[in-house]
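Trainee: I'd like to learn how to read a metal site. Could you walk me through one?

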Amino acid sequence: MSVLIKNGRVITASEDYTADILIEGEKISAIGKNLSSETTHALSPEEIDATGKLIFPGGIDPHVHLDMPFMGTFSSDNYETGTLAALHGGTTMVIDFILQTQGKSLHNALDEWRSRSDGNCYGDYSFHMAVTDFNDDTKKEIKDLIDKEGITSFKTFMAYKGALMIDDRQMIGLMNEVRDRGGIVTVHATNGDMIDFLIAKHRAEGKLSPLYHYLSQPEITESEAAGRFADMAFYTDVPAYIVHLTCEGALNQVRDATERNQKIFVETCIQYLILDASLYEKDFEGAKWVMSPPLREKKDQATLWAGINQGLVQVVGTDHCPFEWNKKLMGEKDFSKIPNGHPAIENRMELLYSEGVEKGRISLNKYVEVTSTNAAKIFGMFPQKGTIGIGADADIVIFDPKKKHKISAKTHHMNVDYSGYEGWEVTGKVETVLLRGKVAIDNGKEKIKKGYGKFVKRGKVSKVI
Ligand code: URP
Ligand code: ZN
Ligand code: ZN
């Protein structure tokens with residue numbers, strides 16, 4: 001089967017040109033002017049006219065939580081609904097998180113996650129392995145995960161004390177092992193003890209509304225942990241990546257680390273660029289945006305946009321972790337019981353285009369870098385994923401840059417009954433999405449079936465991209 005995309009404006013992380021793209025099977029086989037079945041000898045390709053449209057590599061969201069057991073419930077998008085919603089929004093691949101159960105093995109957790117994911121995905125997927133209990137047995141599993149399973153990134157939590165958090169001794173042990181085996185350590189960098197103290201203090205004082213979720217995680221809790229993580233990564237010389245970085249203080253720790261010639265990769269998420277903490281003043285409605293770390297201030301948004309342009313922030317993800325409103329209500333009388341997370345997997349590409357490119361904050365090339373290319377490079381999938389080039393997987397978004405529309409829970413495909421962006425006016429719309437050569441979404445209609453999404457084994461990673 002072949003597809004010929006005609007006359008699109010092709011944008012990669014470094015190029016911008018108008019061309020035709022020929023796809024044969026799952027791969028891009030030719031890029032050029034005036035391609036046709038005669039010039040390429042492709043057998044009657046399906047033609048798509050992309051005149052006036054932008055062509056991006058499929059989005060890669062390296063931070064999602066699908067069907068994840070968390071805070072007494074499960075995130076409400078499973079692998080089927082989550083990867084389908086992602087495709088509708090132009091994201092062709094996600095990296096989800098496996099959580100080790102303390103006292104059990106990493107392979108045990110891998111089996112459990114596979115029982116929920118395999119055969120159920122529309123879009124392509126991979127896993128980060130969250131190590132919540134690093135010990136001599138866990139250590140022995142790292143090599144196998146990297147070499148045999150293609151899981152090369154190891155997530156750590158410096159917060160969620162009593163549930164997911166590891167201490168610095170475990171962190172150093174893990175970093176040494178991951179460095180030796182060719183992987184990368186990623187981190188939720190906030191100070192779990194400080195947060196634990198502040199949560200207990202606010203609860204004891206009867207301060208129980210969502211606003212106190214925000215006030216229990218001040219900026220210093222994040223900047224302290226980011227700096228400590230950077231120090232440990234420097235000491236152990238491991239490739240390192242901070243997930244969902246939100247604020248000026250934390251980014252300044254990364255900036256400072258460059259002074260000793262250290263490179264730490266940084267991901268922020270779409271919500272931290274465009275939403276701010278004033279939303280927590282809306283009484284219990286603020287629970288829609290209860291996530292960790294919390295939304296920050298306008299000055300932090302400015303730092304993050306600048307950080308993208310300064311090359312300090314390489315990736316914009318979502319930390320998609322949706323909960324139905326009735327689950328958020330579990331914390332109606334106590335903010336510490338509100339399941340943490342918000343839905344965004346479907347909105348990231350369009351929101352970042354509208355708020356970033358359309359408003360002149362980032363260039364088109366930078367847009368592709370932070371939504372796709374850098375994640376593919378950092379996590380060992382480039383150039384199979386993350387670019388438009390001969391031999392790459394034909395994961396392609398055909399994007400109408402002029403089309404205006406509104407975001408709403410009434411029309412989104414995520415399995416959650418509210419949107420954190422209800423009524424937002426967006427310029428630019430995902431029109432057609434191809435995944436490994438197949439039209440997956442066409443003008444809002446899905447064209448593939450559950451199970452088409454494949455697990456992607458990733459390669460070894462390094463400190464340079
Ligand atoms: O609030 C969040 N971020 N929920 C998901 C878990 C995490 O910390 O990434
Ligand atoms: Zn986190
Ligand atoms: Zn997360």
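Mentor: Four donors count as tetrahedral if all angles lie between 85 and 135 degrees; four count as square planar and six as octahedral if opposite donors are over 155 degrees apart and all others between 65 and 115; anything else is irregular. Here the 4 donor atoms around the zinc ion (ligand 3) subtend angles of 87 to 134°, so the arrangement is tetrahedral. This is a predicted model, where local features need pLDDT of at least 70, side-chain atom pairs count only at pLDDT 80 or more, and totals for chains, interfaces and linings use all residues. Residues are numbered from 1 along each chain as written, chains are lettered from A and ligands numbered from 1 in written order, and side-chain values use heavy atoms, without hydrogens and water.

Trainee: Which are the protein donors of the zinc ion (ligand 3)?

Mentor: Donors are N, O and S atoms within 2.8 Å of the metal (3.2 Å for Na, K and Ca); water is not among the atoms, so sites may look incomplete. For this ion they are H63 (NE2), H65 (NE2) and D319 (OD), at 2.0 to 2.1 Å, with the sequence spacing H-x1-H-x253-D.

Trainee: Are H63 and H65 buried or exposed?

Mentor: Buried means under 20% relative accessible area, exposed over 50%, partly exposed in between (1.4 Å probe, protein chains only). Both H63 and H65 are buried.

Trainee: What coordinates the zinc ion (ligand 2)?

Mentor: H188 (ND1) and H244 (NE2) do, at 2.0 Å. Its 4 donor atoms give angles of 56 to 153°, an irregular site. H188 is buried because its relative accessibility is 2%. The two zinc ions, ligand 2 and ligand 3, are 3.8 Å apart.
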